Amino acid sequence: MNSRRDISDEIEGTGEYVDSSSRWRLLVDHETDGASNMAIDEAIVTTVLEGASPPTLRFYGWSPPCLSLGRSQPFADADLAACRAAGVDVVRRPSGGRAILHADELTYSVALLQGDPLAAGGILESYRRLSQGLLAGLVLLGVQAEQSASARKPMGDVSAVCFEAPSDYEITVQGRKLVGSAQWRARGGVLQHGTLPLCGDITRIINYLVLPGVERETQRQFLRTRATTLETSLGRSVPFAQAASALADGFAQALDLVLVPGALTTHEKDLAAELRQSRYAAADWTQRT
């Protein structure tokens with residue numbers, strides 16, 4: 001995994017939170033395990049919904065590497081023996097979509113209210129709007145990225161791999177998916193999170209999915225042509241801290257936000273610990289479908 005440093009002194013914006021839709025909290029977290037990451041994301045959107053926290057942009061990493069399944073994805077898609085042998089965790093996200101291998105990446109999450117202007121118009125429209133922040137940040141890094149056009153497949157032609165094809169308004173570079181995102185709406189709150197692969201073999205996920213031998217190699221070759229990493233796109237490596245700083249600046253510029261560096265509250269930490277134990281680290285949630 002990539003090394004990182006505290007970037008809070010690189011992000012413009014200081015002071016106490018005030019009640020303004022354009023003033024968000026910025027969190028840059030250390031790497032942690034998959035169950036903890038998903039529990040923290042849900043804890044944040046819960047406290048935003050309670051009015052106890054401001055809208056929040058969070059960046060984080062994963063340790064150990066983790067295979068995350070979409071909310072309704074069959075648990076049988078995961079090759080548990082291969083995951084265990086390689087020390088790869090398995091977790092189920094609260095959001096939808098297909099499997100993602102979280103390794104050598106930067107993950108972002110956005111937590112806000114459904115009544116926020118940035119969340120208006122439903123999932124696809126808010127995807128388009130929030131993607132402007134991602135695009136602006138990638139431009140600052142020198143990436144010539146764009147939002148994908150509709151690439152929806154018939155329901156019978158869906159792969160277990162999230163990065164196999166871009167969805168509406170996701171981020172691509174020369175037609176290859178660079179940033180994958182998913183959104184979950186519940187009780188008036190919105191959680192959107194997504195992944196930016198920084199480096200590494202984008203096809204590694206195939207090792208941890210249950211696929212017939214012939215299909216495994218076909219999927220590996222296909223994925224190589226349909227997805228990419230930041231390092232491949234730029235021809236150089238980008239450390240986590242630099243990528244997080246650029247994306248934060250992109251969100252601030254494109255969405256007219258003031259980002260205030262902060263930390264999880266005691267309430268959020270307690271709620272995340274409870275959610276981790278009762279849901280994201282529990283077999284009845286991970287194996288629910």
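**Close-up views of a predicted model**

**View 1. The eight-stranded sheet.** Eight strands make up an open sheet of mixed pairing, ordered β7-β8-β9-β10-β6-β2-β1-β11. The model is predicted: local features need pLDDT of at least 70 and side-chain atom pairs count only at pLDDT 80 or more, while totals for chains, interfaces and linings use all residues. Residues are numbered from 1 along each chain as its sequence is written, and side-chain values use heavy atoms, without hydrogens and water. Strands (E, at least two residues) and helices (H or I, at least four) are DSSP runs numbered from the N terminus; two strands pair if DSSP finds at least two bridges between them. The edges of the eight-stranded sheet are β7 (146-147) and β11 (258-261); each has a single partner strand, so one side of each is left without a neighbour in the sheet.

**View 2. The pairing of β2 with β6.** Five bridges join strand β2, residues 56-60, to strand β6, residues 105-113, in the antiparallel sense. Within this pairing, L57 has V110 of β6 as its bridge partner.

**View 3. Helix α1 against strands of both sheets.** Helix α1, which spans residues 34-50, lies across β1 (23-28), β2, β6, β9 (176-186) and β10 (189-197). The helix runs at about 170° to β2. Helix α1 also lies across β3 and β4, and its angle to β4 is about 25°. Contact means heavy atoms within 4.5 Å; angles, from 0 to 180 degrees, are taken between the N-to-C directions of axes fitted to C-alpha atoms, for helices over the stretch in contact.

**View 4. The three-stranded sheet.** A second open sheet has three strands in the order β4-β3-β5, again with mixed pairing. Strands β4 and β5 are its edges, each pairing on one side only. Neighbouring strands of this sheet are turned by 25° against each other on average, direction ignored. Between β3 and β5 the sense is antiparallel, with three bridges; here C66 stands opposite H102 in β5.

**View 5. The crossover from β3 to β4.** Strand β3 (residues 66-69) pairs with strand β4 (residues 89-92) in the parallel sense, over four bridges, and S68 stands opposite V91 in β4. From β3 the chain passes through helix α2 (residues 80-86) to β4, a β-α-β crossover that is right-handed: with the strands pointing away from the viewer, the path over the helix runs clockwise.

**View 6. Backbone geometry in two loops.** The loop between β2 and β3 contains P64, and the peptide bond that leads from S63 to P64 is cis, with omega near 0°. The loop between β5 and β6 contains D104. Although D104 is not a glycine, its phi is positive, at about 55°.

**View 7. The largest cavity.** Two cavities of 30 Å³ or more are found in a search of the whole structure; a cavity is a set of points on a 1 Å grid where a 1.4 Å probe fits but cannot get out, and lining residues have an atom within 4 Å of a point. The largest cavity holds about 170 Å³ of space, its volume being that filled by probe spheres set on the points, which are joined across faces, edges and corners. Sixteen residues line the largest cavity, and those closest to its centre are I100, L101, P197, D201 and I202. Elements that give two or more residues to this lining are β5 (100-102) and β10. By class, the lining has ten nonpolar, three polar and three charged residues, where Ala, Val, Leu, Ile, Met, Phe, Trp, Tyr, Cys and Pro count as nonpolar, Asp, Glu, Lys and Arg as charged, and the others as polar.

**View 8. The second largest cavity.** About 40 Å³ of space lies in the second largest cavity. Its lining is formed by L106, Y108, L134, L138, V179, T195, L196 and L247. Two or more of these residues come from each of β6, α3 (122-141) and β10. The lining comprises seven nonpolar residues, one polar residue and no charged residues.

How values were computed: On a 1 Å grid over the protein atoms alone, a cavity is a set of points where a 1.4 Å probe fits but cannot get out, and a pocket is an open set with protein on both sides within 12 Å along at least five of seven lines; lining residues have an atom within 4 Å of a point.
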